[in-house]
Amino acid sequence: MLYKELHSTDTYMIRLPYSFSDYDRQLLTLFYQPLVGAESISLYLTLWADGEMKDNEQWTHYHLLNVLGLSLGKIFQARIALEAIGLLRTWQKSTEEGRTFYYELEAPLDAESFLKDPLLSMFLLNKIGENAYKQLRNRYIQKPNWHEEFTDVSRTFVDVFKPSTKTGTSISTQEQFQSKKRNNSVPFYYEDFDFVLLQEGLSEQLVPKSAMTLEAREVIAKLAFLYNLSPIEMQKVVILALDDDLNLSDARLKKACAEYYKLTVSRTAPVLQKIELTEKPIQNVEKKLTKEEELIQYLETTAPAKVLKDIANGKEPILADVQLANYFVTHYKMPIGVVNVLLQYVLLRTDMKLTKNYAEKIASHWMRKDIKTAKEAMELARNEHEQYMKWKNEGSKQKSYSKKPTREEKVPDWFYKKDDELKQSGKETNGIQDIDAERQKLLEELGMKKR
C-alpha cells in the first residue's frame, strides 16, 4: 500500500505562497504540534527551510529520509496529517520517468481563528488538558486597548494624495497574482452533512433561511461531527441557539450544542482521535510473521545508512559506504529494500568490505532483471550465487589450485531461509559451520564402526 502511495525515488518540489514569520513558528509549536505530533511539524519545518533556500528545486524523498531520520512510512503518515489539519496541499503527476509531487505549504491559522474553531479548540483541549489550554488562551487574548484615551489623527490616502491632470501610462489589472492570504479555517467538507434533512424539521417561521448563513452551516456541520450528532438532533441544537432576532451566532451554537450533549449523551466532553491507516484488504491479522517476513519488513522500511550501522553492530558507517548506498537509490532509482539486500550480501561476501565495482556489477544485473522488492532481490541472490562468486573471484584475481573443498565465506542470514523451509518458525539454520560439524561427527561415527 505504501509503495503505491510514495517511493523514496519519487521527486518533489516546494511552493511557499505565504511569507512565513516567527509568529507562524509559535503557532506551529504551541497549537499544531500537540495535534499532529513532532514528526509532522519537523516535516513542515524541513519543507519550509528547503523551500526558502531554492525555488523550483527538485528533491527525492530519499533526501527527507536522511534529513529527518524517519522511515518512508512515517514520512507519509506525517504528510497526510499535515494535509488533514490544513497545513499542506499535495499535487501529484505521473510520467514515464516516475512520480513528481508538488508540496504547497499553507499558513497556520492565527490564534483567534484557531481558538474559535470548534473542532480544533476541542481537539487541543483534549490533548494538552484544561489548565494548559487556559494558559495558552490567556496568552493570546487581546489586552484592553491602550489607545482608548487617545484620538486617532492619522491621515487618509485622500488627505495626502489627489488625482493629477497629467496623462500617465495605463497598466493592465487582469493578471493573476499569487495569493498571500492566511487561511481562516481548517479544511472541512461540511457539504457531507445532510442540511436538507436538518431543515425539513425546521419551519420557516421558527428558523428563517436567512439565519442559515454559510458561516452558520459550517459551524453546524463541524459541531455535528465533533459531538457525533445526527441532523435530527442538530435541529434541537439550532432551536436552542437562536437569539431574539432569530439569528445564529457561532458562540450560541457552540454553547447550545455543548449543553445538549451534556444533557442527552454524556457529561464528559467528546475526544477526537487520529484514524490509523491500515492496508486493505486486511488478511490474516492474527498470523504471526515468520523470521523472513520480519526481515523483509525491516529491509523495506529502513534507511540504508541505518542498515549499514546495524551490520557493523552499531558503529557509524564510513562516509564512502553511505554515499555509495545513496548513489544506488538516487542515481539508479533502486528501491530501498533492494539496496539494503545488496548491502548485506556484498558486505558479508567480501569480509565487510563494500567493494564498489562488485556491488555495481550485481546492482546492474538486478536492474536488468527489474527487481523491485527485497524478497525478489533475496531470491535472485540465492539463485545466482555461483555466478556472483565467479564475479567476486575475477575481481579479486584469486585462483585456487587446490582440489580440496574450501570453506564457504559468510553469507546473510536470509540466504538459506527459503519459503518452503520456514513452515516451522522456530527452525533456523546456522549455515556451513553446522554442516561441517555434522560431517565431522558422521566421519567419527563411521570410523568407530569400522574399528
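## Close-up views of a predicted model

**View 1. Gln-142 sits out in the open.** Gln-142 is exposed, with a relative accessible area of 67% (exposed means over 50%, buried under 20% and partly exposed in between, using a 1.4 Å probe and protein chains only). You will find Gln-142 in the loop between α8 (130-140) and α9 (157-160). Helices here are DSSP runs of H or I with at least four residues, strands are E runs of at least two, and both are numbered from the N terminus. Gln-142 and Glu-112 are 30 residues apart in sequence, and their C-alpha atoms are 9.4 Å apart in space.

A note on reading these views: this is a predicted model, in which local features need pLDDT of at least 70 and side-chain atom pairs count only at pLDDT 80 or more, while totals for chains, interfaces and linings use all residues. Residues are numbered from 1 along each chain as its sequence is written, and side-chain values use heavy atoms, with hydrogens and water left out.

**View 2. The whole protein, before zooming in again.** The protein has 21 helices and 4 strands. Of its 451 residues, 38% are buried. Among contacts with a separation of 6 or more, 73% join residues 24 or more positions apart; contact means heavy atoms within 4.5 Å.

**View 3. The largest nonpolar core and a second one.** The largest nonpolar core holds 81 residues, and Phe-31, Leu-105, Phe-114, Ile-362 and Trp-366 have the most contacts inside it. Helix α17 (residues 336-349) provides the largest share of this core, 9 residues. Apart from it lies another core, of 29 residues, including Leu-198, Val-219, Val-237 and Leu-242. In both cases, a nonpolar core is a set of buried Ala, Val, Leu, Ile, Met, Phe, Trp, Tyr and Cys residues joined through side-chain atoms within 4.5 Å.

**View 4. The surroundings of Leu-105.** Setting aside residues up to four places away in sequence, Leu-105 touches Ile-14, Arg-15, Leu-16, Pro-17 and Phe-20, among others. Its list of partners also includes Tyr-44, Leu-47, Trp-48, Leu-87 and Leu-88.

**View 5. Where α17 meets α18.** The axes of these two helices come within 11 Å and cross at roughly 140°. That angle makes α17 oblique to α18: under 35 degrees counts as roughly parallel, over 145 as roughly antiparallel, 65 to 115 as roughly perpendicular, and the rest as oblique. Axes are lines fitted to C-alpha atoms, for helices over the stretch in contact, and angles run from 0 to 180 degrees between N-to-C directions. From α17, Val-338, Val-341, Leu-342, Tyr-345 and Val-346 make the contact with Tyr-358, Ala-359, Ile-362, Ala-363 and Trp-366 of α18.

View 6. His-365 belongs to helix α18 (residues 356-368) and counts as buried, at 12% relative accessibility. Beyond residues up to four places away in sequence, His-365 touches Leu-380, Glu-384, Tyr-388 and Trp-391. Asp-370 lies in the loop between α18 and α19 (374-383). Although not a glycine, Asp-370 has a positive phi, near 60°. Asp-370 counts as partly exposed, at 48% relative accessibility.

View 7. Helix α11 (residues 214-227) packs with helix α13 (residues 250-264) at an angle of about 25°, their axes 10 Å apart. The two are therefore roughly parallel to each other, and α11 passes α13 in a right-handed crossing. Residues of α11 including Val-219, Ile-220 and Leu-223 meet residues of α13 including Leu-253, Cys-257 and Tyr-261. Leu-246 is in the loop between α12 (231-241) and α13, and this non-glycine residue has a positive phi of about 60°. Leu-246 counts as partly exposed, at 32% relative accessibility.

**View 8. Val-322 in helix α16.** Val-322 lies in helix α16 (residues 319-330) and is buried, with a relative accessible area of 17%. Leaving aside neighbours within four places in sequence, Val-322 is in contact with Ala-305, Leu-308 and Pro-317. Val-322 and Leu-308 are 14 residues apart in sequence and 7.7 Å apart in space, C-alpha to C-alpha.

Conventions:
A crossing is left-handed if the near helix is turned anticlockwise from the far one by less than a right angle, and right-handed if clockwise.
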